[in-house]
Amino acid sequence: MAPGAPSSSPSPILAALLFSSLVLSPAQAIVVYTDKEVYGAVGSKVTLHCSFWSSEWVSDDISFTWRYQPEGGRDAISIFHYAKGQPYIDEVGTFKERIQWVGDPQWKDGSIVIHNLDYSDNGTFTCDVKNPPDIVGKTSQVTLYVFEKVPTRYGVVLGAVIGGVLGVVLLLLLLFYVVRYCWLRRQAALQRRLSAVEKGKLHKPGKDTTKRGRQTPVLYAMLDHSRSTKAASEKKPKGLGESRKDKK
Amino acid sequence: MIVLLLSIIVLHVAVLVLLFVATIVSQWIVGNGHATDLWQNCSTTPGNIQHCFSSSANEWLQSVQATMILSIIFSVLSLFLFFCQLFTLTKGGRFYITGIFQILAGLCVMSATSIYTVRHSEWHLDSAYSYGFAYILAWVAFPLALLSGVIYVILRKRE
C-alpha cells in the first residue's frame, strides 16, 4: 500500500491472489477416479482401482475408505479404511479376510483387491479419499458384476476386426507387389536371353557353311544342334556382359 | 479435363464426408425420445433431461463399429493414394489401387449397415423405432463409394 516502496508492492497483489484462490476457484477439491464397472468371475479375484486428484500435496493424514452397498440394498457398510499409514481391513463382516490393500498414497493410488468372489458380492463400491486440508470432494463409485464366466471386454472384437482386415489387405498388396517385381525381373532376364540368342543366330550362318561340305546330313544336324547350343552358351555370358556394358 | 478431375475429387470427398457423418452422429435408430447410434444411446426423459449411456459391448455392434471405421480408413487411404498416383503414374495408366481401396470402403460400409440391420434387435430392445438419417447416409455412401471406385479403375491418366 505504501507508494514508491518496491518491497511492499507485491503484498497486496499476493493477498488478492490468495484470496481469489481460496474463495473463487472451485478446483480446490478432491476428485476421485474409479472404474465405472468391474467384472469378475466367481472364485477369482478382482482389483478395484481408485485414484484421485488433489490440489494439495499428499499429506501423512491421508485416508482412504471403501464402502460397499449390496445390490438392491440401501445401506452402505464400510469395509476398508486406511489412515495414518495403516490399513484396516474388515475382520467381521462379509469381506472377512478377503480384502487386500494394494494402494500407495504416494502414487495417489487407493486400490484394493477382493479375493474369492461370490455372487453375493454384486453391488456398488464407493471410494472415499480425504487428504487434509483438502477434504471437500466427490467420491466415486464402481459397480461390481460377478459372472460365472467373464464376458470378453469391450474393444476386443473391434480391435480384432480392424487389425485383421487391415493386415490381410496390406499382406495382399505386399504379395502382389513382390510377385509383380519378380515377374518383371524375369521378363527382363528373358528379354536379355532372347536378344543374346538373336545375336548368336546372326553369327551362326558363317560358321555353318564351312562345316556343311564335310559331314553327312544326320551327323551334321546333330553337330549343328550341339554347336548351336555351345554357341548359345558361349554367347550368353558375352551377351549379358554386352548388355550390362550398354546399360552402363 | 480439369472439370473431370475436380468432379472426381468432389465425389470422393462427398463419400468421405458421408462416411464420417454416418459414423459419428447419433441417429441410426430414433424412437420416441431416444436416439441411438454405434457409440451411445441418448434418451430424453419427459423432464427434458438427456441421459447418454454408452452402447452395449455386443460383438455384432463392435463389428459394425469396426467395419465403419475401416471404411473411413480405406476411403482416406484411397484419397491419399489418388494424389500420389496422379503425380507418379505413367501416361495411360489406370488408378487401380485408388479404385480398389474405394471399392473396399464401399464393401465395408455395406457389410456394416447390413449387420446393423439384421442384428440391431440384440442391443436395442425398443419396439417403437424408425431409422434415423445417419443410417440412411450410410446406405447412400455405399453405392457412391462403389461408383467412385469403379470410375477410378476405368479412368486413364492423361497428361
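Student: How many aromatic pairs does the structure hold over all chains?
Tutor: Keep in mind that this is a predicted model. Ring pairs count here if their centres lie within 6.5 Å. Over all chains, the number of aromatic pairs is 21.

Student: Is the pair of B:Phe82 and B:Phe83 stacked, edge-to-face or tilted?
Tutor: A pair of rings is described by the distance of the centres and the angle of the planes. For B:Phe82 and B:Phe83 the centres are 5.7 Å apart and the planes make 55 degrees. Stacked needs under 30 degrees and edge-to-face over 60. So this pair is tilted.

Student: Does B:Phe82 count as buried or exposed?
Tutor: The cut-off for buried is under 20% relative accessible area. B:Phe83, its ring partner, has 36% and counts as partly exposed. B:Phe82 has 0%, so it counts as buried.

Student: Which residues do ring pairs link into a cluster?
Tutor: This one is in chain A. The members are A:Phe52, A:Phe64, A:Phe80, A:Tyr82 and A:Trp101.

Student: Which residue does a disulfide join to A:Cys50?
Tutor: The count of disulfides over all chains is 2. In the one at A:Cys50, the S to S distance is 1.8 Å. Its angle about the S-S bond is -80 degrees, a left-handed link. The partner is A:Cys127.

Student: How much area do chain A and chain B bury between them?
Tutor: In this interface, 14 residues of chain A are in contact with 14 of chain B. Carbon and sulfur atoms carry 80% of the buried area. The area is about 1200 Å².

Student: Which residues of chain A lose the most area to chain B?
Tutor: Three residues together make up 39% of what that side buries. They are A:Tyr154, A:Leu158 and A:Ile162.

Student: How many residue pairs are in polar contact across this interface?
Tutor: Salt bridges between chain A and chain B number 0. The side of chain A that touches chain B has 11 nonpolar, 2 polar and 1 charged residues. The residue pairs in polar contact number 3.

Terms used:
Residues numbered from 1 in each chain as written. Chains lettered and ligands numbered in written order. Predicted model: local features only at pLDDT ≥ 70, side-chain atom pairs only at ≥ 80, totals over all residues. Heavy atoms only, no water. Contact = heavy atoms within 4.5 Å. Buried area = accessible area lost by both parts, 1.4 Å probe. Salt bridge = Lys/Arg side-chain N within 4 Å of Asp/Glu carboxyl O. Polar contact = N/O pair within 3.5 Å; in protein donor to acceptor, adjacent residues only side chain to side chain. Nonpolar A, V, L, I, M, F, W, Y, C, P; charged D, E, K, R; others polar. Phe/Tyr/Trp six-rings, centres within 6.5 Å; stacked < 30°, edge-to-face > 60°. Buried < 20%, exposed > 50% of the residue type's maximum accessible area, 1.4 Å probe, protein only. Disulfide = S-S within 2.5 Å.
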